[in-house]
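Let's take a friendly walk through a protein model together. Have the sequence and the 3D view ready, and look up each residue as we come to it.

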Amino acid sequence: SSRARREVCALRTVEVTRTYLELTNPADLRGVLFSDPRARLERRSPCAVSLYRRLYKEVGEDWYWHDRLEWPDERLAAHLARADVAVFELLLGDESAGYFELGRHDDGSVEIVYFGLSPRFIGQGLGGPLLTSAVQEGWKMGATKVWLHTCTLDSERALPNYKARGFRRFRTVGLAVDIEGKEVVGERLL
């Protein structure tokens with residue numbers, strides 16, 4: 001049928017490079033401050049599932065974020081209530097502009113698990129200060145190092161921002177990612 005043919009055509013596989021970056025010393029952070037006086041961070045502790053889902057979808061939709069969309073509410077609520085998880089929302093006045101999620105690991109490291117701006121706030125000088133805040137909050141959680149990963153499906157601004165803040169690459173992985181429409185439907189190591 002024509003519908004089946006359309007669905008087959010919509011599925012594509014792309015080669016993606018995932019880059020892992022780290023800061024191992026608080027002194028290595030090249031931080032920048034928010035220039036907009038309306039910018040403020042609010043820790044959502046614990047973050048409500050409905051708010052988290054909105055932030056995740058708003059910030060991540062253009063970059064093919066998919067993992068947390070598949071989690072049932074109960075699993076997500078339990079995750080967000082953990083003491084080693086922290087969610088901060090960036091507000092510009094009364095508007096939600098982005099967020100980050102931190103996760104402390106058993107090895108003492110803190111991962112910036114998710115990080116980003118809502119599409120309408122990209123390009124307004126908020127990414128550097130938001131990343132600076134994420135790193136500072138990671139150190140406050142007692143991090144031995146702060147790390148994250150990005151990939152070639154992310155914004156072209158992501159990697160330059162991480163490097164500008166002092167992050168250094170420590171690993172890269174090649175993946176084959178299956179995308180159908182705007183959704184990732186599978187991935188495997190190359």
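## Charged partners

Arg82 counts as partly exposed because its relative accessibility is 42%, where partly exposed lies between buried (under 20% relative accessible area) and exposed (over 50%), found with a 1.4 Å probe on protein chains only. This is a predicted model, in which local features need pLDDT of at least 70, side-chain atom pairs count only at pLDDT 80 or more, and totals for chains, interfaces and linings use all residues. Residues are numbered from 1 along each chain as its sequence is written, and side-chain values use heavy atoms, with hydrogens and water left out.

What do the side chains of Asp84 and Arg82 meet in? They meet in a salt bridge, at 2.8 Å from N to O. A salt bridge is a side-chain nitrogen of Lys or Arg within 4 Å of a carboxyl oxygen of Asp or Glu. Salt bridges with shared partners also join Arg44, Arg54, Glu58 and Glu89 into one network. The structure holds 13 salt bridges, and the table shows some of them.

| Salt bridge | N to O distance |
|---|---|
| Arg40 and Glu42 | 3.3 Å |
| Glu61 and Lys57 | 3.1 Å |
| Asp84 and Arg82 | 2.8 Å |

Arg40 is partly exposed because its relative accessibility is 36%, and Glu42 is partly exposed too, at 27%. Glu61 has a relative accessible area of 41%, while Lys57 has 43%.

Now find Glu111 in strand β5 (residues 110–117). Helices (H or I, at least four residues) and strands (E, at least two) are DSSP runs, numbered from the N terminus. Glu111 is buried yet has no salt bridge. The nearest side chain of opposite charge is Arg68, 7.5 Å away; here Lys and Arg count as positive and Asp and Glu as negative, with His and the chain ends not counted. Beyond its neighbours within four places in sequence, Glu111 is in contact (heavy atoms within 4.5 Å) with residues including Trp147 and His149.

Setting aside neighbours within four places in sequence, Glu15 is in contact with Thr152, Leu175 and Leu190.

Ser118 sits in the loop between β5 and α4. Ser118 counts as buried because its relative accessible area is 0%.

## Pockets and a cis bond

The largest pocket has a volume of about 920 Å³. Its lining has 39 residues, and Trp65, Phe115, Thr150, Asp154 and Tyr162 are the closest to its centre. A pocket, on a 1 Å grid over the protein atoms alone, is an open set of points where a 1.4 Å probe fits, with protein on both sides within 12 Å along at least five of seven lines; lining residues have an atom within 4 Å of a point. Grid points are joined across faces, edges and corners, and a volume is the space filled by probe spheres set on the points.

Which element gives the largest share of this lining? Strand β5 does, with seven residues.

The second largest pocket has a volume of about 180 Å³. Lys57 and Glu61 are among the residues that line the second largest pocket.

Finally, look at the loop between β2 (39–44) and α2 (49–60), where Pro46 is placed. The peptide bond from Ser45 to Pro46 is cis, with omega near -15 degrees. Most peptide bonds are trans.
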